[in-house]
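Subject: A structure for you to look at

Dear colleague,

Please find below the sequence and structure that I am handing over to you.

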Amino acid sequence: MPKVVLVTGVGRPIGARLVAKLATESDIERIIAVDMAPVAGALPDKAQFFRADIRSPAIARLLKTEKVDTVAHINVTGVPDKAGRRAANKELNVIGTMQLLAACQRAPHVKKIVLRSSTAIYGSSQRDPALFTEETEAASEILGYGKDTADVESYVRGFSRRRPDAQVTVLRLANVLAPDLHTPFGQYFCLPAVPTILGFDPRLQFLHLDDALEVFQRAVREDHPGIFNVAGSGVVLLSQAIRRAGRVPLPSLRFTAPLLAQLSGIELSAEQVQLLTYGRVVDTTKLRDTFGYTPTFSSRQTFDDFVRGRDLSSVLSPDNIAAVERALRSQLLGQKHG
Amino acid sequence: MDEQQWEQRVTGALAFMRRRLTGEYDIDEIGYDEDLTRNLVAPPLRLLYEKWFNVQLRGLEHVPSDGAALIVANHSGVIPLDGAMLTLGLMDHHPARRALRMLAGDLVFQTPFIGELARKAGFTLACPPDAERLLRSGELVGVFPEGYKGIGKNHHDRYRLQRFGRGGFVASALRTGAPIIPCSIVGAEEIYPMVADAKPIARLLGLPYFPITPMFPWLGPLGLIPLPSRWIIEFGAPIEPQAQEHADPDDPLALLNITDQVRETIQATLYRLLTERGSAFGAPKA
């Protein structure tokens with residue numbers, strides 16, 4: 001059972017909420033919360049905030065002086081803190097993880113690392129099997145954030161080799177959505193006309209933030225070394241998601257879709273365009289069997305919860321569509337059926 | 001059509017449109033959209049099946065009503081209507097109305113619209129993980145081991161089976177314990193008689209072949225109308241690959257042996273069916 005947990009990336013909602021959730025564990029004595037950006041809200045009493053860069057030597061000192069035994073590295077993200085900061089974000093993801101792991105390697109107290117990775121590591125193409133298991137090799141070139149996660153995971157494998165006494169849990173998360181979480185991918189679905197790729201309707205999976213946090217907490221509390229796909233069960237088609245959000249799809253060519261999104265101030269990366277063309281679905285059997293936990297929100301429920309939270313004034317609401325259906329029906333069948 | 005039928009149709013069609021517009025339908029993890037397949041994709045294919053090709057379906061008793069099985073068929077016809085007719089035949093005429101899950105090449109999923117439609121019709125990539133996932137979950141899986149070599153062959157090679165790949169389908173059947181049901185399709189060879197393959201154009205377009213038929217591309221879109229050949233689809237007795245000697249999914253020689261057996265069964269059935277059918281066009285032989 002961990003006593004002192006270091007959490008990175010607490011300046012972002014997912015990290016901050018993980019700190020709050022871990023604070024409810026009675027066995028955990030202290031939580032060291034680290035980020036370069038200040039935390040938005042108040043942290044629980046057990047938690048202590050250190051404003052530090054994970055690439056700096058301060059982390060190594062912190063690990064030693066605070067006798068950290070578990071590191072939850074959440075600060076690997078596909079979402080740059082500012083638009084257009086992709087290079088800086090990559091630097092933080094890849095170099096940050098490398099430095100953090102180097103520090104962990106020299107800190108004998110560290111016995112466990114829980115890493116946030118992403119299903120982006122599988123890429124997305126026409127040559128991939130319908131579902132990715134943890135062993136599936138990507139068939140296509142991995143781009144952008146997916147490449148970051150591949151690099152990050154390779155450092156983690158290196159760490160495991162050099163510190164066989166430490167446990168490593170890698171959680172490959174599907175796209176995380178929640179009513180109160182702002183991500184570019186979430187904002188994409190809020191556009192009145194959503195740019196899609198003409199002739200393609202990819203299968204998507206979503207993970208609810210609550211489920212993501214629950215899995216992180218279990219990974220910290222229990223011992224489940226290995227790599228795990230984490231996603232809500234079932235799949236949602238892109239067209240289906242757009243309809244459920246009451247939006248209208250705007251089919252466009254592969255190179256014009258990001259431009260159309262940009263008109264509305266949303267950056268679609270090459271990796272996301274690939275995802276919106278071929279889709280990506282992962283097999284979560286290993287998570288369910290090993291953790292004994294099935295995400296409470298299915299992919300579809302996650303998406304619906306996200307839509308409810310956004311209070312999107314729908315362009316095509318189900319009520320209006322049902323009204324049109326009734327009107328058409330009575331017109332076609334005559335008044336007596338109306 | 002009486003009034004009640006009309007009412008049912010209108011109500012059904014409107015409810016279908018509402019479901020599509022509100023996203024209120026289910027698909028499975030692989031992408032099979034049953035609502036769309038049964039209500040929108042199947043009806044036009046049913047016209048082709050019943051009125052145009054007049055398909056005769058034989059040996060349905062060999063297809064189990066539940067549980068996994070792998071249907072292995074010959075492939076032909078330039079455009080894979082054989083897969084569509086086979087799927088529709090099982091959906092309409094099998095007592096359990098079974099959905100056939102076809103395996104297809106990556107080119108299908110790369111092509112706009114076609115790839116989207118194929119996934120929604122329950123197709124997935126022809127690769128061992130997908131084949132075995134479907135078979136393990138008790139689905140009826142269909143495969144054309146000849147692939148592009150079969151569908152894109154010249155008309156003078158009609159009904160001559162091409163190489164059956166490397167027997168990957170046998171390995172998948174062995175690993176999952178599924179029976180192999182040989183299926184012979186007569187009629188698809190004549191729908192677009194390909195007299196030449198314009199290889200340079202195919203290379204330019206990134207296609208495995210570019211068909212030249214007596215009608216295509218000369219007649220433009222009219223050349224896309226399939227000829228009304230007479231079809232017979234016959235399922236043979238299941239072959240249990242596990243019951244064979246040296247049945248080891250990792251032994252290439254054993255796989256080739258079973259592959260050949262399946263191939264020869266289909267080839268022999270094709271020759272028999274051709275004799276029974278007589279002429280490819282016109283009224284059935286008395």
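In chain A, 7 strands form an open sheet in the order 3-2-1-4-5-6-11, with parallel pairing, where helices (H or I, at least four residues) and strands (E, at least two) are DSSP runs numbered from the N terminus, and two strands pair if DSSP finds at least two bridges between them. Strand 3 (47–51) and strand 11 (226–230) of chain A stand at the edges with a single partner strand each, so one side of each has no neighbour in the sheet. This is a predicted model, in which local features need pLDDT of at least 70 and side-chain atom pairs count only at pLDDT 80 or more, while totals for chains, interfaces and linings use all residues. Residues are numbered from 1 along each chain as its sequence is written, and chains are lettered from A and ligands numbered from 1 in the order in which they are written.

Within the sheet, strand 1 and strand 4 of chain A pair in the parallel sense over 3 bridges, and A:Val5 stands opposite A:Thr70 in strand 4 of chain A.

Turning to helix 3 (residues 86–105) of chain A, its 20 residues should span 28 Å at 1.5 Å a residue, which agrees with the 28 Å between its end C-alpha atoms; the expected span is 1.5 Å times one less than the number of residues. Among the buried residues of this helix are A:Leu92, A:Gly96 and A:Leu100, where buried means that 20 or more other C-beta atoms, placed from the backbone, lie within 10 Å of the residue's own.

Best wishes

Note on methods
A residue is buried if 20 or more other C-beta atoms lie within 10 Å of its own, exposed if 12 or fewer, and partly exposed in between; C-beta atoms are placed from the backbone.
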